[in-house]
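Have a look at the sequence and the model, then work through the points below.

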Amino acid sequence: MAAAEGADDEDGGKSEGGEPENAEKKQEEDHMDGGWEDEEERARLLAQCQPGTQDEERLPALAALHEKAMESSNWEPLWADKDVRAALLSCADPPDPDFGKNPFGEEEPDPPSDFVRTLAVTTLVCLATCVGNRSAMAEHPLLRHALVGNADEDRAFRLRERVFLLLCGLLLAGACTDPSDDHVPSRPPTPMKCEVCGLIPCVCKAGEKVWRNSDLEVCHALMLGVAPELPVGLRVGVLGTLCTVALSSVVDPALLWGNRKLRAGLVNAALPGEPEDVRVGALEALWAFTACDLVQPRMWGEKPVREALLRGAEAYAKVGEGEGETTLRQTEGVRSRALNSLANLASSVVNRAPMWKSSRLATAVLQAGAPRGGASATKSRHGQRGHSKMREWYKGHRRPCRAAALCAPTPCACWPSSRNSGPTVPRWWPRACWSSWRRPRTTRP
């Protein structure tokens with residue numbers, strides 16, 4: 001019987017084991033890219049996602065698209081399909097602030113509801129998991145406009161959560177190459193009379209849709225994710241993305257640091273009173289920006305940034321105001337990241353002189369170098385007074401000092417006069433310098 005079956009196979013007959021294989025091949029040939037069963041299903045779902053469709057039809061269609069977007073093999077085909085991309089973007093389109101205000105315009109369809117936009121953005125987040133899709137999505141103007149509009153404070157929380165997740169992915173793909181607003185005045189200029197309409201302000205473009213898809217708008221939308229009212233996990237994720245981007249070659253850190261809202265958001269998140277995870281994330285982002293040589297002089301020159309780093313490096317921090325003010329000991333994670341940032345800033349020649357004159361920085365460094373538990377408030381005050389007296393003593397000397405390099409970020413102008421046989425150490429010399437004076441270093445830092 002076995003020989004007979006083998007003969008039948010050799011003659012061209014189909015064996016029982018070959019029938020399922022041929023059926024699978026036929027199924028694969030009939031299967032469309034993107035997970036569609038057939039063209040009829042694709043046309044039906046896309047028709048239900050068009051503007052003006054009721055939520056009862058839109059939501060099931062978007063749920064079916066989301067289910068297909070969960071498969072990794074469908075990521076690239078779905079985003080490459082222009083009709084699918086247009087349907088998802090129409091469902092994620094934020095409501096127009098001037099909706100229904102133009103009496104002479106055509107009848108406009110109702111904007112998508114929060115549920116529709118949330119499900120559409122969730123599907124886009126799944127498609128952005130593919131690296132190839134992220135690069136194309138980062139430059140898509142309609143997608144950028146939809147994300148910026150849905151990140152506003154008056155949107156639903158679940159919608160904003162998914163928007164920030166997608167914005168973080170697009171930022172890693174280069175969505176903010178030039179978000180600097182240094183060229184924009186801090187105060188808006190006085191509106192001038194328009195030469196066309198003759199009104200103040202100009203109404204020539206009244207009623208037209210305002211597009212919010214520039215790099216500046218995208219960066220502002222992302223910084224809304226570090227607001228205090230949002231959950232800690234979401235804020236830490238946005239801060240971690242900024243830290244990664246600042247250390248990468250995707251974006252120029254100098255241009256990214258030129259954004260006012262980015263600087264203000266990082267400084268506010270690094271101040272005492274915020275959750276520890278948020279402070280650590282903000283100080284890590286500041287630490288990443290201090291690695292850029294072009295940013296170092298500017299960071300120390302800005303008082304809010306300098307204040308945030310110094311408060312983070314101190315052993316104790318004051319939290320609260322008035323009667324509720326308390327003094328708390330800061331954790332090692334916060335202090336170490338602040339000190340690392342200050343160490344990077346000290347590598348700039350422009351910063352060394354003003355940093356050496358900062359008594360708060362000297363106190364923070366002495367506290368950090370003291371044995372664990374030995375840096376009390378009294379000792380820190382004595383160390384600060386001794387540091388100021390030591391600087392006064394340096395003013396009367398002309399030659400560079402080798403001993404000052406042992407306890408300071410930069411050498412000072414101190415060296416004993418040639419008339420003296422040796423250096424004279426005053427009584428108020430800091431304890432850290434006493435031990436190092438007896439064993440002077442031969443090299444400067």
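Let's start with handedness: the crossing of α12 and α14 is left-handed, a label used when the near helix is turned anticlockwise from the far one by less than a right angle (clockwise would be right-handed). Keep in mind that this is a predicted model, where local features need pLDDT of at least 70, side-chain atom pairs count only at pLDDT 80 or more, and totals for chains, interfaces and linings use all residues. Residues are numbered from 1 along each chain as its sequence is written, and side-chain values use heavy atoms, with hydrogens and water left out.

**α12 against α14**

- Helix α12 covers residues 232–246 and helix α14 covers residues 260–270; their axes come within 12 Å and cross at roughly 125°.
- Those axes are lines fitted to C-alpha atoms, for helices over the stretch in contact, and the angles run from 0 to 180 degrees between N-to-C directions.
- That angle makes α12 and α14 oblique to each other (under 35 degrees is roughly parallel, over 145 roughly antiparallel, 65 to 115 roughly perpendicular, and the rest oblique).
- On the α12 side you'll find Arg235, Leu239 and Leu242, which meet Leu262, Leu266 and Ala269 of α14; contact here means heavy atoms within 4.5 Å.
- Sorted by class, the contact of α12 with α14 has five nonpolar, no polar and one charged residues.
- For these classes, Ala, Val, Leu, Ile, Met, Phe, Trp, Tyr, Cys and Pro count as nonpolar, Asp, Glu, Lys and Arg as charged, and the others, Gly among them, as polar.

**α14 against α15**

- Helix α15 spans residues 276–289, and its axis comes within 7 Å of that of α14, crossing at roughly 135°.
- α14 and α15 are therefore oblique to each other, and their crossing is left-handed.
- From α14, the contact uses Leu262, Leu266, Ala269 and Ala270; from α15, the residues include Val278, Ala282, Leu286 and Phe289.
- This contact of α14 with α15 has 10 nonpolar, no polar and one charged residues.

**Leu262 and the core**

- Which residues touch the most other members of the largest nonpolar core? Out of its 91 residues, they are Leu124, Leu143, Leu166, Trp257, Leu262, Leu266 and Leu342.
- A nonpolar core is a set of buried Ala, Val, Leu, Ile, Met, Phe, Trp, Tyr and Cys residues joined through side-chain atoms within 4.5 Å.
- Leaving aside neighbours within four places in sequence, leucine 262 is in contact with Cys219, Met223, Leu242, Leu256, Trp257 and Phe289.

- Helix α17 (residues 303–313) and α20 have axes that come within 9 Å and cross at roughly 30°, so they're roughly parallel to each other.
- In α17, Glu307, Leu310, Arg311 and Ala313 meet Arg360, Leu361 and Ala364 in α20.
- The contact of α17 with α20 divides into four nonpolar, no polar and three charged residues.
- Serine 358 sits in the loop between α19 (349–356) and α20 (359–369), and it is in contact with Trp300 and Leu310, leaving aside neighbours within four places in sequence.
- Is serine 358 buried or exposed? With 14% relative accessibility, serine 358 counts as buried (under 20% relative accessible area is buried, over 50% exposed, and in between partly exposed, using a 1.4 Å probe and protein chains only).

**The whole protein**

- The protein has 22 helices and two strands, which are DSSP runs numbered from the N terminus (H or I, at least four residues, for helices; E, at least two, for strands).
- Buried residues make up 39% of its 445 residues.
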